[in-house]
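Good morning, colleagues. Please turn to the structure on the screen, and I shall take you through its salt bridges and one part of its surface.

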Amino acid sequence: QLPVVESGGGLAQPGGSLTLSCAASGFTLDYYAVGWFRQAPGKEREGVSCIRNGNGSTYYEDSVKGRFTISRDTAKNLVYLHMNSLKPEDTAVYYCAADWDFKYIASIKPMCTQWAGTSWGQGTQVTVSS
């Protein structure tokens, strides 16, 4: 599994916003498919949003559509997850992951819905509470 580091989590009020960053260590993120995943206490990890390489296609889990946006900053070698209109149910540890883009030529959706990473970083905690 390609080494990435997540940052940007914190405490937000319901309706608030946060932006998470995914940084690569020793490789260029723009060449890979990247996904954001989250795991809430007592729940399985789920794919939140994924993006193909370059400015390719995106996928969003239904509960975040219209509220979250995944984007790349090629110059900084980062992938962001912009989270707006946050809800308490968005509370979770958020992880990012990078994978070989050729696996997702037909669709990026499987990276979010079927990909089973074997080694995850520390993630970044997002807590939405008043």
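Arg67 is buried, with a relative accessible area of 9%; buried means under 20%, exposed over 50%, and partly exposed in between, using a 1.4 Å probe and protein chains only. This is a predicted model, in which local features need pLDDT of at least 70 and side-chain atom pairs count only at pLDDT 80 or more, while totals for chains, interfaces and linings use all residues. Residues are numbered from 1 along each chain as its sequence is written, and side-chain values use heavy atoms, leaving out hydrogens and water.

What is the partner of Arg67 in a salt bridge? The partner is Asp90, with the closest N and O atoms 2.7 Å apart; a salt bridge here is a side-chain nitrogen of Lys or Arg within 4 Å of a carboxyl oxygen of Asp or Glu. Asp90 is also buried, at 1% relative accessibility.

A second pair is Glu46 and Arg38, whose side chains meet in a salt bridge at 2.7 Å, N to O. Glu46 is partly exposed at 31%, whereas Arg38 is buried at 6%. Arg38, Glu46, Arg67 and Asp90 are linked in a network of salt bridges.

Asp101 forms a salt bridge with Arg52, their closest N and O atoms lying 2.4 Å apart, and both residues are buried. In the whole structure, a search finds 7 salt bridges.

Finally, the surface. Trp100 counts as partly exposed because its relative accessibility is 44%.
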